[in-house]
Amino acid sequence: MPKKVIKSKPKKLRIQKKSSRFNTFAIIAVAAILASLFLLQIYRSLSSPLQIAEITNSSGTVNLALNPAKTSLAINEETQVTLTYDVLPGDGMSSIKAELTFDPTLIAISNIVIDDKFPTQLASKKVTDNKITFTFGVGAPEEPDFVSTLATGQGTLATFKAKALKAGSATFAISASTLTLTKNGGNNNSLREISNATVAVTN
């Protein structure tokens with residue numbers, strides 16, 4: 001009488017199935033880790049303070065600063081605030097689109113004067129709510145002597161009067177909307193660094 005042969009499943013098949021399950025678990029684990037890292041990165045980016053108002057551009061060539069003649073005022077007293085430029089060697093500024101901010105509850109602005117170096121008006125001088133805005137340039141690019149008219153080195157861009165209305169700490173700031181164009185920068189903003197100013201108003 002022939003012996004009955006009981007066939008068992010090949011060990012190789014069982015090993016392959018175990019290996020397949022292990023690979024599936026490994027893929028799921030890796031995906032979960034990557035997802036966690038991605039969410040952690042998003043959380044960190046959202047919880048970090050956004051420095052939107054800071055203007056620091058290492059490739060820029062123009063530094064702007066606000067300089068009040070007096071840093072302390074009595075109520076109803078006035079001071080002149082000067083907006084100055086400092087263009088790095090090898091470049092020249094052709095125009096500026098300025099937006100300066102202040103606290104209108106503490107300060108009243110008047111008598112905005114653009115320096116003669118920038119005779120071309122592209123947008124008029126305005127004081128609206130808490131902003132001073134204007135756009136001026138040195139001249140038209142098609143002019144034969146355009147390059148020689150570019151603003152180089154250090155100089156004054158504009159001045160304005162600031163009158164103290166009530167006690168407090170009044171800050172004059174160059175906003176992130178300010179744009180400077182230069183010979184080397186083309187249509188890119190060449191603003192590098194800014195310096196703001198604060199005036200103390202006392203009774």
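Biologist: In which strand does Thr 135 lie?

Modeller: Thr 135 belongs to strand β7. Please bear in mind that the model is predicted.

Biologist: Is Thr 135 buried or exposed?

Modeller: The cut-off is needed here: a residue is buried when its relative accessible area is under 20%. Thr 135 has 15% relative accessibility, and therefore counts as buried.

Biologist: Which residues does Thr 135 touch, not counting residues up to four places away in sequence?

Modeller: They are Ile 96, Lys 97, Thr 120, Gln 121, Leu 122 and Ala 123. Lys 97 is also the residue whose bridge partner in β7 is Thr 135.

Biologist: How many bridges pair β4 with β7, and in which sense?

Modeller: Strand β4 and strand β7, which spans residues 131–137, are joined over seven bridges in the antiparallel sense.

Biologist: Why is β4 described as largely enclosed by the rest of the structure?

Modeller: The strand covers residues 93–101, and seven of its nine residues are buried, so the rest of the structure largely encloses it. As a general idea for reading any strand, side chains in a regular strand alternate between the two faces of the sheet.

Biologist: How should I place these strands within the chain as a whole?

Modeller: The protein chain contains two helices and 12 strands. Read from the N terminus, the order of elements is α-β-β-β-β-β-β-β-α-β-β-β-β-β. Of the contacts with a separation of 6 or more, 76% are between residues 24 or more positions apart.

Biologist: Which residues have the most contacts inside the largest nonpolar core?

Modeller: That core has 38 residues, and Phe 134 and Phe 172 have the most contacts inside it. Elements giving two or more residues to this core include β4, β7, β8 and β9. Strand β8 provides the largest share, five residues.

Biologist: What does Phe 172 contact beyond its neighbours within four places in sequence?

Modeller: Its contacts include Leu 66, Val 81, Thr 101, Ile 109, Phe 160 and Val 199.

Biologist: How is a pair of aromatic rings described?

Modeller: A search of the whole structure finds three aromatic pairs. In one of them, the ring centres of Phe 134 and Phe 136 are 6.3 Å apart and the planes lie at 65°, so the pair is edge-to-face. Phe 134 and Phe 136 are both buried.

Biologist: How are the rings of Phe 160 and Phe 172 arranged?

Modeller: Their centres are 6.0 Å apart and their planes are at 55°, so this pair is tilted. Phe 160 lies in strand β8 and Phe 172 in strand β9, so the pair ties together parts that are 12 residues apart in sequence. Phe 160 and Phe 172 are buried.

Note on methods:
Residues numbered from 1 in each chain as written. Predicted model: local features only at pLDDT ≥ 70, side-chain atom pairs only at ≥ 80, totals over all residues. Heavy atoms only, no water. Buried < 20%, exposed > 50% of the residue type's maximum accessible area, 1.4 Å probe, protein only. Helix = DSSP H or I, 4+ residues; strand = E, 2+ residues; numbered from the N terminus. Pairing = 2+ DSSP bridges. Core = buried A, V, L, I, M, F, W, Y, C linked by side-chain atoms within 4.5 Å. Contact = heavy atoms within 4.5 Å. Phe/Tyr/Trp six-rings, centres within 6.5 Å; stacked < 30°, edge-to-face > 60°.
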